[in-house]
Amino acid sequence: MKSKMPGTLPECEMEAPENSRRNFLKQSALITAVALTPAVATKAADMHVDEKIAEAFEKLPIKFEVNGVQQSLSVEPRATLLDILREQLDLTGTKKGCDYGQCGACTVHVDGHRVNSCLTLGVMVNGKKVTTIEGLAKGEELHPMQEAFLKHDGFQCGYCTPGQIMSAVACIREGHANSETEIREFMSGNICRCGAYPNIVNAIQEVKEGGHAV
Amino acid sequence: MKQFQYIRPATQQNVLDAITKPGTKIIAGGTNLVDLMKRGVTAPDKLVDINHLPLKSITPSKTGLLIGALALNSVVSENTLVLQKQPLLSMALKAGASPQLRNMATVGGNMMQRTRCSYFYDTTMPCNKREPGTGCGALEGYNRMHAIFGTSPQCIAVHPSDMCVGLAALDAVVVIAGKKGDRRIPFTEFHRLPGDHPETDNHLAPGELIVGVEIPDNNFSQHSYYLKVRDRQSYAFALVSVAAALDISGGVIRNARLAMGGVAHKPWRLFDAEKSLIGKPATEASFKHAAQIAMQGAKAYEYNAFKLKMAPGTITEALKHAAGLA
């Protein structure tokens with residue numbers, strides 16, 4: 001395992017171990033090929049064709065829009081939207097907290113609705129529109145919710161913040177920000193270990209009452 | 001997560017053809033299945049994505065309300081017809097999970113979710129539900145979240161759904177499609193008790209597909225309530241929950257429906273308690289008596305004895321709310 005840098009989560013642990021199914025598939029595809037046509041396969045192995053065969057089995061093409069930009073990718077069916085955003089598209093604003101749908105740090109919008117990207121398979125967003133925290137600001141101009149989080153100190157360490165903001169924007173759009181009680185209930189899918197909740201509620205209330213377009 | 005093959009058959013018939021093979025699982029919202037696959041609790045060879053099937057609609061039928069299996073939990077909870085005819089279902093849905101998860105989770109998927117028993121989730125622990133024959137880690141373990149009704153020596157896990165508690169109370173019917181034809185089963189008979197086969201959560205046969213649920217019209221919409229008691233105010237599984245529905249006329253209870261969550265391997269319908277309420281005045285005394293009846297046969301384990309007090313209290317409170325007394 002790689003040594004962990006300070007302040008980074010152990011995402012390196014996500015990498016497949018040596019004896020992964022991928023390797024098994026690569027090897028077995030090669031063995032099958034050797035059994036069928038030894039001469040051709042030997043040549044194919046020299047050219048690393050076996051790896052390409054294995055990849056063709058494992059990966060699927062997807063097209064989807066992220067923050068207004070059309071993306072065409074090749075993904076493993078088991079790759080989550082969260083991992084695709086972070087690892088393949090370098091959109092690291094969306095955070096991996098628990099990775100099991102329990103914390104909300106990975107919240108993004110799919111076709112305008114907030115979802116947990118850690119439990120969303122990439123193959124299932126084919127043809128859809130995804131918005132991440134990077135897609136909220138207009139150039140240098142922050143989104144009103146981003147401004148409000150800054151003004152009200154809606155965070156301490158900031159790790160849950162992208163998910164909080166994506167959820168907060170959805171909370172207002174859904175019409176679930178009409179009182180403090182309602183905001184607290186409809187923001188319950190986003191956990192903040194620093195306990196910035198009162199300030200987060202204040203930020204949302206200000207944006208809601210300010211009548212900003214969100 | 002173990003690699004798998006992903007397919008998206010074009011039609012319902014193609015889905016039925018695809019799901020007959022062992023090792024194949026259906027994926028809809030994926031909120032529970034992807035979680036279980038990440039943890040290695042389940043490792044299907046093939047996932048059949050059914051999200052594009054036309055099973056999302058919520059429509060009035062001749063006798064009730066028909067809700068498609070792929071209707072999202074968030075959509076159902078805010079649907080005008082549901083709010084008018086079956087507000088109890090909306091309340092139960094809103095008590096479950098988080099807004100993000102409800103935006104993903106479907107009605108059919110909610111019914112098919114597995115228990116959140118920590119011994120089921122921890123692949124280093126024994127669990128008859130995950131791996132039949134290995135024993136039950138919860139029986140002598142930390143069983144605070146576990147069942148007090150309908151347990152077996154093999155399994156004391158609870159069904160985690162709130163929606164299902166509401167549907168059980170409302171006499172819903174599950175509409176199922178299969179290669180041998182369609183069938184309908186009462187919601188209360190869909191999930192099963194653990195017995196000697198805790199690995200089987202329900203009576204959906206291999207190769208069958210839930211296409212929807214139908215809720216018959218009733219006179220409960222003015223007097224229904226879903227009360228969920230949990231460790232934090234939102235976004236937590238139930239310690240105990242109660243779906244209560246009353247038909248009250250002139251202060252007298254004409255009809256009643258009661259179901260509990262967090263107490264059994266299936267949504268726990270309280271038939272005897274319901275009967276005890278019919279013809280009685282809608283008062284706290286009637287409700288307390290019904291709660292007492294509901295608790296007959298309850299059995300606690302080392303860490304969940306608190307549920308023996310919490311459950312009747314929750315029943316009484318839910319009924320008071322339903323009757324407008326709280």
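Biologist: Which residues in α5(A) meet which residues in α8(A)?

Modeller: A word on conventions comes before the reply: this is a predicted model, in which local features need pLDDT of at least 70, side-chain atom pairs count only at pLDDT 80 or more, and totals for chains, interfaces and linings use all residues. Residues are numbered from 1 along each chain as its sequence is written, while chains are lettered from A and ligands numbered from 1 in the order in which they are written. Helices (DSSP runs of H or I, at least four residues) and strands (E, at least two) are numbered from the N terminus, and two residues are in contact if their C-beta atoms, placed from the backbone, lie within 7 Å. On the α5(A) side the residues are A:Pro144, A:Met145, A:Ala148 and A:Phe149, and they meet A:Ala203, A:Glu206, A:Val207 and A:Gly210 in α8(A). By class this contact has six nonpolar, one polar and one charged residues, where Ala, Val, Leu, Ile, Met, Phe, Trp, Tyr, Cys and Pro count as nonpolar, Asp, Glu, Lys and Arg as charged, and the others, Gly among them, as polar.

Biologist: At what angle do α5 and α8 of chain A pack, and how far apart are their axes?

Modeller: Two packed helices are described by the angle between their axes and the distance between the axes. Here α5 (residues 144-151) and α8 (residues 197-210) of chain A pack at about 135°, with axes 8 Å apart, the axes being lines fitted to C-alpha atoms over the stretch in contact and the angles running from 0 to 180 degrees between N-to-C directions. That angle makes α5(A) oblique to α8(A).

Biologist: What are the angle and the axis distance for α11 and α12 of chain B?

Modeller: Helix α11 (residues 284-294) and helix α12 (residues 307-323) of chain B pack at about 145°, with their axes 8 Å apart. Their contact has seven nonpolar, two polar and three charged residues.

Biologist: How many residues does each chain bring to the contact between chains A and B?

Modeller: Chain A gives 25 residues and chain B gives 21. On the side of chain A that touches chain B, β4(A) supplies the largest share, four residues.

Notes
Angles under 35 degrees count as roughly parallel, over 145 as roughly antiparallel, 65 to 115 as roughly perpendicular and the rest as oblique.
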